[in-house]
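Hi,

Here is the structure I promised to pass on to you. Have a look at it first, then read my notes below.

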Amino acid sequence: MLTIPQDIPDFVLSSQLDNFTISADKRVTFVLKQANTVILQETYTQDASNQIHILDLFSLMEPYLIGSPMLQFSYEVSASSETTISKTFTVLLCRPIIPCSGADFVTNYFLTTLAGRDKITSFNRTETLYLTTGSLSSGGTTIPVTAECVFVNDQNQLLKSTRSLGNVADYGIRSIDVSPSRFTQSGYRLLRYTILAGARKQTFRVDQDEPESVGLKFRNSFGCVETFYFVGGDTVEPELTRSAAYFAGKYKNYYVDEQRKHTLNTGYIPEGMFNLADDVARATEVWQMDESGDIPITITESNTSRSDEDDGLFAFTVSYIFASRYQQRLRLLPDIFDDSFDDTYN
C-alpha cells in the first residue's frame, strides 16, 4: 500500500524540510516540481521496512529559493496499480532551525533573525522590515502596520505617539521602510519605536550619539536584504603582490595584484543582536552602503565567537574585500563654487 507517513505542510520553512518518507510495498516513482519544471524524477526500491527515504529535500529546492525566497512546489508519488499521491505546497527560504511551525513563525515574527529582539539604530541609518503570511495569492485583506514611538524633550518629558505606516498586502513577501528618520516630533527627540503588524513586533532603540558607522546590506537567512551598521571602526590592510621579470635587460614589475582587506568592528552590541551579527558573517551576498551606490563585497573572515560565562556585551568583527578586481576607490571632492562665482581677482 502506498502512503506518506508524515506529509509536508501546505506552508513550510525550508529548514524544516529534511527527509521525505514514503511507505510502499513496491517500487515507487517520485517526481518533484517547481511550477512546470521537474527538479527530480527517480524510481526507488523500498527497504526491508517497506520505506523509501529521500534525504535532504531542501538541497534540491535551495537553488530556486535563492532567486525567489518563497515559491510553490509540488510532488507526485506513484506505484503500479496504486492510487497516485500528489500535493502542492509553499516553501519559504529559512536557514535557521525554528522551533515552531512555518505558519506560526510568519504570523508572529518579521523575516529577520532578530525574532522580535530589540535592534539599535540611529537617525542616519536605513532600516527595513519584511513580512509574509505564507500565501502566494491574496486572501482579500490587508495587514495594517503601525509604529508606537516614544519621544523625549530637553526637560526629560516623555511623549508617546502612534503613527500609521499604511497597509501591506496579505500575500508574497512585503517590505516596510522603518528608518528612524520617518518618526519625528517638533521639540522632541526619538528614544525608541516599536513596529507592529498583526502579532509581529519589532522594537528599535535609537542611539542619540549618532556615531559614525559603516553600513552593510546583506541577504539574510530568509532571502531578504537587511542592514547592519558597524560603529567600532574600519581597519584597512592593503596587500600587494608583485610579478616581475627582465624586459630588454631591465627588471620591471609587469603586474601588481592588490587585496585591500577591510576589517569592521560592531562595537559593543546587546545580546539580542548576536544572531543578526552571525547572519551578516554567513551571508553570501553583501554590499557596502555608499553615497555613490551599493558596492558588492565579499566577506573573507569573521569572528563572532562568544561565551555565556559572563553577562557582558560583546563586539564582533568581519573582514571583507571589494568583489571587483579593482580594490582602490577614489572619493571625489564636492564642487565648492558654482558657475556664478566671481573670480575677478584670481
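Asparagine 50 is partly exposed, with a relative accessible area of 33% (buried means under 20%, exposed over 50%, and partly exposed in between, using a 1.4 Å probe and protein chains only). You'll find asparagine 50 in the loop between strand 4 (37–44) and strand 5 (51–54). Its phi is near 60 degrees, a positive value in a residue other than glycine. Most residues other than glycine have a negative phi.

Before you go further: this is a predicted model, where local features need pLDDT of at least 70 and side-chain atom pairs count only at pLDDT 80 or more, while totals for chains, interfaces and linings use all residues. Residues are numbered from 1 along each chain as its sequence is written, and side-chain values use heavy atoms, with hydrogens and water left out. As for the strand and helix numbers, they count DSSP runs from the N terminus (helices are H or I with at least four residues, strands are E with at least two).

Aspartate 56 also has a positive phi, near 50 degrees. It sits in the loop between strand 5 and helix 1 (57–67), and at 41% relative accessibility aspartate 56 counts as partly exposed.

Now the sheets. Two strands pair if DSSP finds at least two bridges between them. 5 strands make an open sheet with mixed pairing, in the order 1-7-6-3-4. Strand 1 (11–13) and strand 4 are at the edges with a single partner strand each, so one side of each has no neighbour in the sheet. From one strand to the next, the twist averages 25 degrees (axes are lines fitted to C-alpha atoms, for helices over the stretch in contact, and angles run from 0 to 180 degrees between N-to-C directions). Inside this sheet, strand 6 (residues 70–78) and strand 7 (residues 85–92) run antiparallel and are joined by 8 bridges; serine 74 has threonine 88 in strand 7 as its bridge partner. Helix 1 packs on the sheet and touches strand 3 (28–34), strand 4, strand 6 and strand 7, with its direction at about 140 degrees to that of strand 6 (contact means heavy atoms within 4.5 Å).

Another open sheet has 7 strands in the order 16-15-19-20-21-18-17, with antiparallel pairing. Which strands are at its edges? They are strand 16 (225–230) and strand 17 (234–247), each pairing on one side only. Neighbouring strands here are turned by 35 degrees against each other on average, direction ignored. Helix 3 (residues 274–282) packs on this sheet, touching strand 15 (214–219), strand 16, strand 20 and strand 21, and its direction makes about 105 degrees with that of strand 16. Strand 20 (residues 295–303) pairs with strand 21 (residues 317–322) over 6 bridges in the antiparallel sense, and serine 302 stands opposite valine 318 in strand 21.

Take a look at strand 10 (residues 142–152) too. It pairs with strand 11 (residues 158–169) over 10 bridges, antiparallel, and isoleucine 143 has valine 168 as its bridge partner in strand 11. The hairpin of these two strands has 5 residues between them, and there asparagine 156 takes a positive phi near 60 degrees. Strand 10 is also joined to strand 13 (residues 189–197) by 8 bridges, again running antiparallel, with leucine 190 in strand 13 as the bridge partner of phenylalanine 151.

One last thing to find: tyrosine 254, in strand 18 (residues 250–265), is exposed, with a relative accessible area of 52%.

Cheers
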